Amino acid sequence: MKRRVTREEIIRTTWDLILRNGLRAVRVDEIAQTLEISKRTLYELFNDKDALVEQCWDAIREKQKARIADFLVYKPGVSLEQTQSLINEFISNLCYISTSSLQELQRKEIYADIYEKGRRIWLDAFSQLLNNCITDGTLLPEVDCERFANRMMTILYHMYLDNSTRQEMEAFGWALLRGVATQDGIKWLDNKRQKS
């Protein structure tokens with residue numbers, strides 16, 4: 001039953017189990033059994049389940065940071081497109097994780113910091129892109145970018161928890177962005193929507 005596994009393999013397997021079963025349902029016994037290793041081997045690499053879960057979320061956060069970085073390269077005139085694309089990426093990331101895992105991550109004190117770190121990455125990215133939109137003249141200059149981004153993310157998060165479809169969430173994100181766009185921004189968003 002025992003074999004050699006890497007930390008990355010344990011993290012990947014644990015993450016797959018979390019996605020399939022939810023955070024609360026994943027047990028150390030199940031992780032060890034799935035990997036065909038002893039619990040002792042698992043505990044030699046991770047102090048406890050919480051430490052392993054934290055490593056899983058750290059790995060996911062690093063992947064998210066890498067993907068988000070592509071959106072943050074400032075290209076004059078395309079910031080609104082980048083922002084719309086990042087909204088859809090945010091929605092995709094929400095839909096990737098079960099609602100029960102997201103709720104537990106946010107509620108359980110030991111995981112709350114993990115949740116907030118991930119949220120902060122998205123918030124900073126949205127704020128930067130929205131500021132770029134103001135610079136490009138596609139977003140109204142009086143918009144408080146961080147506050148707008150925070151509210152938008154919160155609304156989309158709650159829509160997901162309320163079982164809204166991905167299409168509903170994308171349409172709502174588009175509508176929110178259109179609501180703070182300048183005439184040039186509205187024209188671009190409307191043209192883009194007609195083409196798709």
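**Rings and a pocket in a predicted model**

Ring pairs join Trp15, Trp57 and Tyr96 into a cluster.

Q: Before we dig in, what kind of model is this?
A: It's a predicted one.

Q: OK, back to the rings. How many aromatic pairs does the structure hold?
A: Five. Take Phe90 and Trp122: their rings are 5.2 Å apart centre to centre, with 70° between the planes.

Q: Which geometry class does the Phe90 and Trp122 pair get?
A: Edge-to-face. The cut-off for that is planes over 60 degrees apart, so a pair at 70° counts as edge-to-face.

Q: And where in the chain do Phe90 and Trp122 come from?
A: Phe90 is in helix α5, residues 79-96, and Trp122 is in helix α7, residues 109-136. They're 32 residues apart, and the pair links distant parts of the chain.

Q: Are Phe90 and Trp122 buried or exposed?
A: Buried, both of them.

Q: What about Asp70, buried or exposed?
A: Exposed, because its relative accessible area is 58% and the cut-off is over 50%. Asp70 lies in helix α4.

Q: Switching to charges: which rings have the charged end of an Arg over them?
A: One is Phe46, where the charged end of Arg7 sits 4.4 Å from the ring centre. Another is Trp174, with the charged end of Arg193 at 4.2 Å from the centre of its ring.

Q: Which residues of its lining are closest to the centre?
A: Trp15, Ala59, Ile60, Lys63 and Tyr96, out of 16 lining residues. Trp15 and Tyr96 also belong to that ring cluster with Trp57.

Q: Which helix gives the most to the lining?
A: α4, with six residues. Helices α1 (7-21), α4 (49-71) and α5 each supply at least two.

Q: What's the lining like by class?
A: Seven nonpolar, three polar and six charged residues.

Q: Last one: what does UniProt place at residues 4-64?
A: The unreviewed entry has "domain: HTH tetR-type" there.

Q: And how much of that span is helix or strand?
A: In the model, residues 4-64 are 75% helix and 0% strand. The end C-alpha atoms of the span lie 28 Å apart.

Definitions and conventions: Residues are numbered from 1 along each chain as its sequence is written. This is a predicted model: local features need pLDDT of at least 70, side-chain atom pairs count only at pLDDT 80 or more; totals for chains, interfaces and linings use all residues. Side-chain values use heavy atoms; hydrogens and water are left out. UniProt positions are given in the numbering used here, feature names are shortened, and annotations may be inferred rather than shown by experiment. Helices (H or I, at least four residues) and strands (E, at least two) are DSSP runs, numbered from the N terminus. Rings of Phe, Tyr and Trp (its six-membered ring) pair if their centres lie within 6.5 Å; planes under 30 degrees apart count as stacked, over 60 as edge-to-face and the rest as tilted. Buried means under 20% relative accessible area, exposed over 50%, partly exposed in between (1.4 Å probe, protein chains only). A charge sits over a ring if NZ of Lys or CZ of Arg is within 6 Å of the ring centre and within 35 degrees of the ring normal. On a 1 Å grid over the protein atoms alone, a cavity is a set of points where a 1.4 Å probe fits but cannot get out, and a pocket is an open set with protein on both sides within 12 Å along at least five of seven lines; lining residues have an atom within 4 Å of a point. Ala, Val, Leu, Ile, Met, Phe, Trp, Tyr, Cys and Pro count as nonpolar, Asp, Glu, Lys and Arg as charged, and the others, Gly among them, as polar.
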